[in-house]
Amino acid sequence: MASNRRAFLAATAVAALAAAPASAAPADPLETTARPRPTTARAALAELLAGNRRYATGGSRHPDEGLLHRHALAAGQHPFAVVIGCIDSRVPPELVFDQGLGDLICIRTAGQVLDEAVLASIQYGVQELHVPLVLVLGHERCGAVAATLDHLRTGAPVPGHLELLVDEIAPAALRTRHLPGDWAEHTMRANTVWVRDAIRADSAFAAATVTAARFDLDTGLISVLP
Ligand SMILES: [Zn+2]
């Protein structure tokens, strides 16, 4: 049923454009097929990972970015995932998951830390838009993590508003400081999993599946965190 939603939206847009003057938007070559919309968390994650494989291998399709889809979406949205990611310019969720307009609710803070505005935004997606999947996305070589570790190593004061990031990420850094290997990587993973677990523990999000993942800057690939 829901898999027909895109077909319906596309058909609606086609009809609207057909009734428009000839000078209206031309048919968009990107709008060739109606993609089935995931309606379960499992299907949503599979769609994200499939899109990420396309992105990582240079085969992005850039779906649903065209005029027809934009017109169709003007009447309403039915995104299938909430992504809570970092502000890092190298990790834009729509691109790294090869998704289009109307697919994802993207909430981005440095180090994907939580605050009340983030939680309220997740709640809007889960409760009002019935999004089945919430994905917390960390990434390697995160600047917010690096700033936190610098502060913990040197004790240097944290400037202004950055203090919030350090306060949120420092517990993950302190929990992993004893581990061998890359402290920044350990901290990023621990922080991402902590955010996932905090969302899972909140009854406001009980209707959704909450998953954590890591983005690899070198390969472009996403891996689900245990
Ligand atoms: Zn980052």
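A: Cys86 and His139 are both buried, where buried means a relative accessible area under 20%, exposed means over 50%, and partly exposed lies in between (1.4 Å probe, protein chains only). The model is predicted, so local features need pLDDT of at least 70 and side-chain atom pairs count only at pLDDT 80 or more, while totals for chains, interfaces and linings use all residues. Residues are numbered from 1 along each chain as its sequence is written, and side-chain values use heavy atoms, with hydrogens and water left out.

The two residues belong to a metal site. The zinc ion has Cys86 (SG), His139 (NE2) and Cys142 (SG) as its protein donors, at 2.0 to 2.3 Å. Donors are N, O and S atoms within 2.8 Å of the metal (3.2 Å for Na, K and Ca); water is not among the atoms, so sites may look incomplete. Along the sequence, the donor residues follow the spacing C-x52-H-x2-C. Cys86 sits in the loop between β1 (81–85) and α4 (93–96), and His139 sits in strand β3 (residues 133–139), so the pair ties together parts that are 53 residues apart in sequence. Helices (H or I, at least four residues) and strands (E, at least two) are DSSP runs, numbered from the N terminus.

Next comes a pair of helices. Helix α6 (residues 143–154) packs with α8 at an angle of about 115°, and their axes are 10 Å apart. Axes are lines fitted to C-alpha atoms, for helices over the stretch in contact, and angles run from 0 to 180 degrees between N-to-C directions. The crossing of α6 and α8 is right-handed; a crossing is right-handed if the near helix is turned clockwise from the far one by less than a right angle, and left-handed if anticlockwise. On the α6 side the contact is made by Val145, Leu149, Leu152 and Arg153, and on the α8 side by Trp183, Ala184, Thr187 and Met188. Contact means heavy atoms within 4.5 Å. By class, these are 6 nonpolar, 1 polar and 1 charged residues. Ala, Val, Leu, Ile, Met, Phe, Trp, Tyr, Cys and Pro count as nonpolar, Asp, Glu, Lys and Arg as charged, and the others, Gly among them, as polar.

Two residues of this contact can be set side by side. Thr187, in helix α8 (residues 183–200), is buried, with a relative accessible area of 0%. Apart from neighbours within four places in sequence, Thr187 is in contact with Val145, Leu149, Ile169, Ala172, Ala173 and Thr176. Arg153, in helix α6, is exposed, because its relative accessible area is 52%. With neighbours within four places in sequence left out, Arg153 is in contact with Arg177 and Trp183.

The loop between α2 (41–56) and α3 (67–73) contains His62, and Asp64 lies in the loop between α2 and α3 too. Most residues other than glycine have a negative phi. His62, however, has a positive phi near 50°, and the phi of Asp64 is positive as well, about 55°. His62 is partly exposed, at 35% relative accessibility, whereas Asp64 is buried, at 5%.

Last, the chain as a whole. There are 8 helices and 5 strands, in the order α-α-α-β-α-β-α-β-α-α-α-β-β. The chain has 226 residues, and 47% of them count as buried. Among contacts with a separation of 6 or more, 72% join residues 24 or more positions apart.
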